[in-house]
Amino acid sequence: METEIHLSLGQRRFWALDKIDNVTSAYNMPFAFRIAGALDIGNLKKSLNFIIMRHEVLRTLIRVDEAGVSKGILVPHVQIDEVFAYKDLTEEIGSKQKDREVKARM
């Protein structure tokens, strides 16, 4: 069940800036990084789920009501599979690390 919450001043500011600029990805920071050794995707997803559950701000949606007032909606649970994507490049391009790094930046 979703819970309505008050938005912080910072959340309201970002919401207003987003509506003024009409740029939805201005504060997104996509990145790629190199991991040495084997990566346990299951444990990584568990860790990310734990972080999301611990921090309400990561589960807060903003909706506008009929009067035009923005409201925070706290989602009780988000599955990381809904927002997490990864691609293993080790086998795709072979053993050339430089080629994998170029591909990861694309």
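## Side-chain contacts and a nonpolar patch

The salt-bridge count here comes to 1. Keep in mind that this is a predicted model. The bridge pairs Glu4 with Lys71, and their closest N and O atoms are 3.9 Å apart. That falls inside the cut-off, because a side-chain nitrogen of Lys or Arg has to be within 4 Å of a carboxyl oxygen of Asp or Glu.

How open are the partners to the surroundings? Glu4 counts as exposed, at 53% relative accessible area, while Lys71 is partly exposed, at 27%.

| Residue | Relative accessible area | Class |
|---|---|---|
| Glu4 | 53% | exposed |
| Lys71 | 27% | partly exposed |
| Leu39 | 42% | partly exposed |

Now for the nonpolar side of things. Which residues make the nonpolar surface patch? Phe31, Phe33, Ile35 and Leu39 do, and the patch covers about 450 Å². Leu39 sits in the loop between helix H1 (9-21) and helix H2 (41-54).

What about the aromatic rings? The count of aromatic pairs is 0. There is a charge–ring contact, though: the charged end of Arg13 sits over the ring of Phe14, 5.4 Å from the ring's centre.

How values were computed. Residues numbered from 1 in each chain as written. Predicted model: local features only at pLDDT ≥ 70, side-chain atom pairs only at ≥ 80, totals over all residues. Heavy atoms only, no water. Phe/Tyr/Trp six-rings, centres within 6.5 Å; stacked < 30°, edge-to-face > 60°. Lys NZ or Arg CZ within 6 Å of the ring centre and 35° of its normal. Patch = residues over 30% accessible without salt bridge, like charges linked within 9 Å, V, L, I, M, F, W, Y side chains within 5 Å. Areas by Shrake-Rupley, 256 points an atom, 1.4 Å probe, with all protein chains shown as cover. Helix = DSSP H or I, 4+ residues; strand = E, 2+ residues; numbered from the N terminus. Buried < 20%, exposed > 50% of the residue type's maximum accessible area, 1.4 Å probe, protein only.
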